[in-house]
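Here are a few exercises to work through with the structure open beside you. Try each task before reading its solution.

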Amino acid sequence: MNARSFNLIVGEALADISLDPDGCKRPKGRQRTTTWLGDEPGFGIRQYPGDHAVYFVQARMGGRNRTVTIGRTAVLTRHQAAKVARLVLAHARVGDDSATKRARVRGAPMYADFLDEFWAKWAGRWSLETQRNNAGTRRCYLNGSFPGLGIDEIDEAHVTAWFARLNDETTPGAANMALGLLNLILNKAIAWGYRYDQSNPCTSIRRNKRRKCERFLSVPELQRLGIVLAQERQSSDLVRSLAAIATTILLLTGCRRGEILGLQWDDIKGRRIKLRHGKTGPRTVWLGEEARAVIDTIPRRRGVDWLFWNADEGAPIRSFAGHWYVMQEMAGLSRVRLHDLRHTFASHAAMNRETLPMIGKLLGHRILQTTARYTHLDDGHVFDAAEQVGAEIARMNGIVP
């Protein structure tokens, strides 16, 4: 809020107690003394030449002290002035300095320029795979999407029309990904001072329905897969062995495939992995004893920083989809994606009564709703829960079978 806004508040408050705001204006003259009163912080009296005095209040906003004159002591009682001061301070505590904010937003760049700024500042936080995916989304759906608009001018109507056009041109999943990326971009525009708070129009856009995928491995399936992984980790074919090791670490940590394949030895810090390029930015992955022991079986090569290294090609391993397909067949599994191992980790954590915040922390999620999509329970656990709850209610109500 600026001085004019505060003066409007004061004028309305004086009018509410039947006083003329113009008659309460401070007299002309040089300031002589200031006396602070104890009714409210920042509330006091200023004495001017000629025995004229006014009540005033100071409020700190946007790093600046703003002084607001309430009215003359000859017109207002101390109680009335304190009441107005209390109102001004309340607005100062919950409001923002609109003058400072307007000056900040006036300097907002055009959408295309901000897209470049965002990419320069933020893309380095993503994993290499996420960088590639988002670069493709930008090239196909974001570049040139809001011509002639500043980043602060994009509103709900613009985003709605853009999203509708995307749904006509591409798949629902691709449109959702583009909307998610635009949402992040506009959130950063708010955080960096180019848009007003809570002004992201993407929050009101309904995304396309997702295909629900509740595939996770049951205990028997995990047991069969565990036997195959132990066998494959001992393979004399190094790439085949490394594929089994990577799969085992995915199961034991809940990490994404790209996060594990992108690991370098400097990222391993005792019982922790310091991910430099996670999907949502840098984060820490905690390793259990079993996961750390599996990592210790990976052979190290002189001058090679990567954990998963293909010596024949002289490059890091970026994919082992073929090996995973073979391991599925050997374990008698069907239609299991590598990403379903992440679902498996989260689901078994839930069945072991870990809380959603804890599971989200383990998976590197920032939003609990995202974690909830990963946590599924098998029928046995649901049945046990229903039986336990029903038995407890029956006990409390004296119900006897």
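The chain has 16 helices and nine strands, and the model shown is a predicted one.

Task: Find what percentage of the 401 residues count as buried, and what share of the accessible surface belongs to carbon and sulfur atoms.

Solution. Start with burial: 43% of the 401 residues count as buried. Next, take the surface, which comes to about 22600 Å², with 51% of that area belonging to carbon and sulfur atoms. Finally, look at contacts between residues at least 6 apart in sequence: 60% of these join residues at least 24 apart.

**Exercise 1: a tilted aromatic pair**

Task: Classify the ring pair of Phe118 and Trp192 as stacked, tilted or edge-to-face, and work out why the pair ties together separate parts of the chain.

Solution. For Phe118 and Trp192, the ring centres are 6.5 Å apart and the planes make an angle of 40 degrees. Planes under 30 degrees apart would be stacked and those over 60 edge-to-face, so this pair is tilted. Step two is location: Phe118 lies in helix H4 (residues 111-122), while Trp192 is in the loop between helix H7 (172-191) and helix H8 (219-233), so the pair ties together parts that are 74 residues apart in sequence. Step three is accessibility. Phe118 has a relative accessible area of 0% and is buried, whereas Trp192, at 25%, is partly exposed.

Phe146 sits in the loop between helix H5 (128-142) and helix H6 (156-169), and Trp162 is in helix H6, 16 residues apart. Both Phe146 and Trp162 are buried.

**Exercise 2: rings and charges**

Task: Say which residues form one aromatic cluster with Trp192, and which charged end sits over the ring of Trp192.

Solution. Begin with the cluster: Trp192 belongs to it along with Phe114, Phe118, Trp119, Trp126 and Tyr194. Then look above the ring of Trp192, where the charged end of Lys121 sits 4.4 Å from the ring centre. For a further example, turn to Trp122: Arg125 lies over its face, 4.2 Å from the ring centre.

**Exercise 3: two buried residues**

Task: Decide whether Asn176 and Ile205 are buried or exposed, then list their contacts beyond neighbours within four places in sequence.

Solution. Asn176 is found in helix H7. Its relative accessibility is 10%, so Asn176 counts as buried. Setting aside those sequence neighbours, Asn176 is in contact with Phe163, Arg207, Asn208 and Arg210.

Ile205 is in the loop between H7 and H8. Its relative accessible area is 13%, so Ile205 is buried. With the sequence neighbours again set aside, Ile205 is in contact with Glu156, Val159, Thr160, Phe163 and Leu179. Focus on Thr160: Ile205 and Thr160 are 45 residues apart in sequence, yet their C-alpha atoms are 6.8 Å apart in space.

**Exercise 4: a surface patch**

Task: Name the residues that make a nonpolar surface patch of about 290 Å².

Solution. The patch is made by Tyr325, Val326 and Met330. Of these, take Met330, which lies in helix H12 (residues 321-331). At 35% relative accessibility, Met330 counts as partly exposed.

Methods: Residues are numbered from 1 along each chain as its sequence is written. This is a predicted model: local features need pLDDT of at least 70, side-chain atom pairs count only at pLDDT 80 or more; totals for chains, interfaces and linings use all residues. Side-chain values use heavy atoms; hydrogens and water are left out. Patches are made of residues with over 30% relative accessible area and no salt bridge: like charges are joined within 9 Å, nonpolar side chains (Val, Leu, Ile, Met, Phe, Trp, Tyr) within 5 Å. Accessible areas come from the Shrake-Rupley method with a 1.4 Å probe; for residues, only the protein chains shown count as cover. A salt bridge is a side-chain nitrogen of Lys or Arg within 4 Å of a carboxyl oxygen of Asp or Glu. Helices (H or I, at least four residues) and strands (E, at least two) are DSSP runs, numbered from the N terminus. Buried means under 20% relative accessible area, exposed over 50%, partly exposed in between (1.4 Å probe, protein chains only). Rings of Phe, Tyr and Trp (its six-membered ring) pair if their centres lie within 6.5 Å; planes under 30 degrees apart count as stacked, over 60 as edge-to-face and the rest as tilted. A charge sits over a ring if NZ of Lys or CZ of Arg is within 6 Å of the ring centre and within 35 degrees of the ring normal. Contact means heavy atoms within 4.5 Å.
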